[in-house]
Amino acid sequence: MTGSPPGLEGVIAAAQSSAGKAAKGLPPVHLWNPAHCGEIDIVIRKDGLWFHEGSPIGREALVRLFSTVLRKDPDGFHLVTPVEKMRITVEDAPFIAVRVDREGGDLKFLTNVGDEVIAGPDNAIRVEVDSDTGEPRPYVHVRRGLEARIARPVFYELVEMAAEQEGPDGPVLGVTSGGAFFPVGPAGAHIT
């Protein structure tokens, strides 16, 4: 089924049907357990662009639709419908956090596919450091194991909002949201 139009068309039709039934919220992909149908040549690049058979998927509505039936399983990322489960490739995180707003004591993120998420204990912010470049790679949890990589300008905004807290290894710069503190760098990293 790799790259076959019927597979792609089947996923589109099933996703549209599921989205229609889930009048509010997202389809319950975590409850669906269809047989694995193979792979489909869809790649989500680390810059957040979705490709099918090497060409960008230009229709934002289609990308948004696919994002609603995306699931992360122990063996990788899949587009899941009640009758199909097709593995796709995700180079980093499937989404990009393109905006952050402070709303009271919370940080509200907007992703490139239209998801809004409030950071907190259930939607943690985490920052890895690239072992090759030493650059921070920040993420926010969106839903059911799916994360959004926080875009560089948005990360700069977080750093501007950050405050210092004492941690077990010394002072840590971080942000608070939903009553939780999230470091934006290692202890002592901001001290000059």
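**Strands, sheets and a core**

Colleague: Quick one to start. Which residue in E9 is the bridge partner of Lys108?

Modeller: Ile118, in E9, is the bridge partner of Lys108. Bear in mind that this is a predicted model.

Colleague: Noted. How many bridges join E8 to E9, and which way do the strands run?

Modeller: Three bridges join E8 to E9. The two strands run antiparallel.

Colleague: What sheet does E9 belong to, and in what order do the strands come?

Modeller: An open sheet of six strands. Read across, the order is E9-E8-E7-E12-E11-E10, and the pairing is mixed. Strand E9 (116–118) and strand E10 (125–129) are the edge strands, each pairing on one side only. On average, neighbouring strands here are turned by 40° against each other, direction ignored.

Colleague: What packs on that sheet?

Modeller: Helix H3, residues 152–161. H3 touches E7, E8, E10, strand E11 (136–143) and E12. The direction of H3 makes about 30° with that of E7.

Colleague: What happens in the hairpin of E7 and E8?

Modeller: Two residues lie between the strands. Gly104 takes a positive phi there, near 65°.

Colleague: Which residues have a positive phi without being a glycine?

Modeller: Glu53 is one of them, with a phi of about 50°. Arg144 is another, at about 40°.

Colleague: Where do they sit?

Modeller: Glu53 lies in the loop between strand E2 (50–52) and E3. Arg144 is in the loop between E11 and E12.

Colleague: New topic. What is the strand order in the sheet that holds E3 and E4?

Modeller: E3-E2-E1-E6-E5-E4. This sheet is open, has six strands and has mixed pairing. Strand E3 (55–56) and strand E4 (70–73) are at the edges, each pairing on one side only.

Colleague: How does E4 pair with E5?

Modeller: In the antiparallel sense, over four bridges, with E5 covering residues 76–80. Leu70 has Leu79 in E5 as its bridge partner.

Colleague: And the core? Which members of the largest nonpolar core touch the most other members?

Modeller: Trp50, Leu70, Ile88, Phe109, Ile125 and Ile150. The core has 41 residues. Helix H2 (residues 60–68) supplies the largest share, four residues. In soluble globular proteins, nonpolar side chains tend to be buried together.

Colleague: Pick Ile88. What is in contact with Ile88, leaving aside neighbours within four places in sequence?

Modeller: Ile40, Ile42, Ile44, Leu70, Phe77, His78 and Leu79.

Colleague: Last one, the whole chain. How many helices and strands are there, and what percentage of residues count as buried?

Modeller: The chain has three helices and 15 strands. Of its 192 residues, 43% count as buried. The chain exposes about 10000 Å², and carbon and sulfur atoms supply 52% of that.

Methods. Residues are numbered from 1 along each chain as its sequence is written. This is a predicted model: local features need pLDDT of at least 70, side-chain atom pairs count only at pLDDT 80 or more; totals for chains, interfaces and linings use all residues. Side-chain values use heavy atoms; hydrogens and water are left out. Two strands pair if DSSP finds at least two bridges between them. Buried means under 20% relative accessible area, exposed over 50%, partly exposed in between (1.4 Å probe, protein chains only). Accessible areas come from the Shrake-Rupley method with a 1.4 Å probe; for residues, only the protein chains shown count as cover. A nonpolar core is a set of buried Ala, Val, Leu, Ile, Met, Phe, Trp, Tyr and Cys residues joined through side-chain atoms within 4.5 Å. Contact means heavy atoms within 4.5 Å. Axes are lines fitted to C-alpha atoms, for helices over the stretch in contact, and angles run from 0 to 180 degrees between N-to-C directions.
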